[in-house]
Amino acid sequence: MPVTTYPFVQQQIIRYGMTTYLVLGLFGNICNCIMFTRRQYRRTPSSIYYFYFSLFAIAYLLWVAIPSIDTLNHTDLQTQSVFYCKVRLYGRHVLGQCLRYLITFACLDRFFATQLNARIRLFSSFFTAKLLIVIVCPLWLCIACYMPIITELNNGVCAMNDSYKLMYAIYQLIFASILPPLLMSIFSILTIRSLHQRHLTQLQAKRRDRDLICMVFAQVIMTICACIPYSMYLMYEAVTYYIVDKSKQRIELEAFLGFVAQFIIYLISVTSFYIFILTSKRFRTEFIDMITKYWYKYVIRRAFVTPIN
């Protein structure tokens, strides 16, 4: 029996917040998939990263949001099935890591593309993009293969075994909360430095490539901001791991703060399309043109077609 209102507030966040995430995320990522398969964007390797990022984001949202929303009105399978408990946490972690490192790869591609050295620029290629995308998912499936082993169902609670909680918190802190944002920041700073060295505005670089750099930078800033609360929570969890005499109120508060931090992390899979719309005039214009074209072709035009009796 809960002793605070935190579990109730958490349920309301799931009911309304997670539903909003699901609707906005699916719409935005489907739009991304359509935009990045258009001829204008197929010429740039970064578009491949964001196309597959959007596919992984759709899978991630479906994996995370639908079971969470379903638990509001039905029994949570995580409290009933050990297999489901292990697979759900494992899949959530792998998909989340794929999202983080695909953004990192997009930053790396922009870094390669802006280098003065022609040999380094060759790494900004479709071959490199496809190779890294093929590698990222199997790599994290292997790295995180320990998770089902140390995850257990104990008294109706699906969680890590107590013996491994500290190790898991440190692992998450390094590979999920610190390393991806750190790599994104490093590659972004080096890219900005390269742009100043090359005086990009005086070169024959395509405006679309410059727009992609701005889009990548905006996504990086958003990702770093989303990771900060989760990083702080993981550090707190690691520091207070050996405190055993916690009150029930404190346990519920910590569980709620962990949920909120994880909820903010989900923004990474939701906001990319809206960030691109806000930060890139060309992306925004081409999206509006595409919608206008399809509206005229499939709605307006058909409305003027008179059926023959």
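**Note on salt bridges and helix packing in the predicted model**

1. The side chains of Asp109 and Arg110 come together in a salt bridge, with a distance of 2.8 Å from N to O. Both partners, Asp109 as well as Arg110, are buried. Please keep in mind, here and in every point below, that this is a predicted model.

2. Arg250 and Glu254 both belong to helix H9 (residues 248–265), where they stand four residues apart, which is about one turn of the helix.

3. The C-alpha trace spans about 70 × 65 × 30 Å along its principal axes. Of the 309 residues in the chain, 44% are buried. Among contacts between residues at least 6 apart in sequence, 83% join residues that are at least 24 apart.

4. Helix H2 (residues 45–70) packs with helix H5 (residues 126–143) at an angle of about 25°, and the two axes are 8 Å apart. Because angles under 35 degrees count as roughly parallel, H2 and H5 are described as roughly parallel to each other, and their crossing is right-handed. On the H2 side the contact is made by Pro45, Ile48, Tyr49, Tyr52 and Phe56, while H5 brings Phe126, Thr128, Ala129, Lys130, Leu132, Ile133 and Cys137. By class, the residues of the contact of H2 with H5 divide into ten nonpolar, one polar and one charged.

5. Helix H1 (residues 6–36) takes part in the packing described in this point and the next. Its axis comes within 10 Å of the axis of H9, and the two cross at roughly 10°, so that H1 counts as roughly parallel to H9. In this contact Tyr6, Pro7, Val9, Gln10, Ile13, Ile14, Gly17, Met18 and Tyr21 of H1 meet Glu252, Leu253, Ala255, Phe256, Phe259, Phe263 and Ile264 of H9. The contact of H1 with H9 has 13 nonpolar, two polar and one charged residues. H9 is also the helix that holds Arg250 and Glu254.

6. What is the angle between H1 and helix H10 (residues 272–279)? The two helices pack at about 60°, with their axes 7 Å apart, and H1 and H10 are therefore oblique to each other. The residues of H1 that make the contact are Leu24, Phe27, Gly28, Asn29, Cys31, Asn32 and Phe36, and those of H10 are Ser272, Phe273, Tyr274 and Phe276. The residues of the contact of H1 with H10 divide into seven nonpolar, four polar and no charged.

7. A last point concerns Leu62, which lies in helix H2. At 37% relative accessibility, Leu62 counts as partly exposed. When residues up to four places away in sequence are not counted, Leu62 touches Leu22, Leu26 and Pro67. Leu62 and Gly25 are 37 residues apart in sequence, whereas in space they are 9.7 Å apart, C-alpha to C-alpha.

Conventions. Residues are numbered from 1 along each chain as its sequence is written. This is a predicted model: local features need pLDDT of at least 70, side-chain atom pairs count only at pLDDT 80 or more; totals for chains, interfaces and linings use all residues. Side-chain values use heavy atoms; hydrogens and water are left out. A salt bridge is a side-chain nitrogen of Lys or Arg within 4 Å of a carboxyl oxygen of Asp or Glu. Buried means under 20% relative accessible area, exposed over 50%, partly exposed in between (1.4 Å probe, protein chains only). Axes are lines fitted to C-alpha atoms, for helices over the stretch in contact, and angles run from 0 to 180 degrees between N-to-C directions. Angles under 35 degrees count as roughly parallel, over 145 as roughly antiparallel, 65 to 115 as roughly perpendicular and the rest as oblique. A crossing is left-handed if the near helix is turned anticlockwise from the far one by less than a right angle, and right-handed if clockwise. Contact means heavy atoms within 4.5 Å. Ala, Val, Leu, Ile, Met, Phe, Trp, Tyr, Cys and Pro count as nonpolar, Asp, Glu, Lys and Arg as charged, and the others, Gly among them, as polar.
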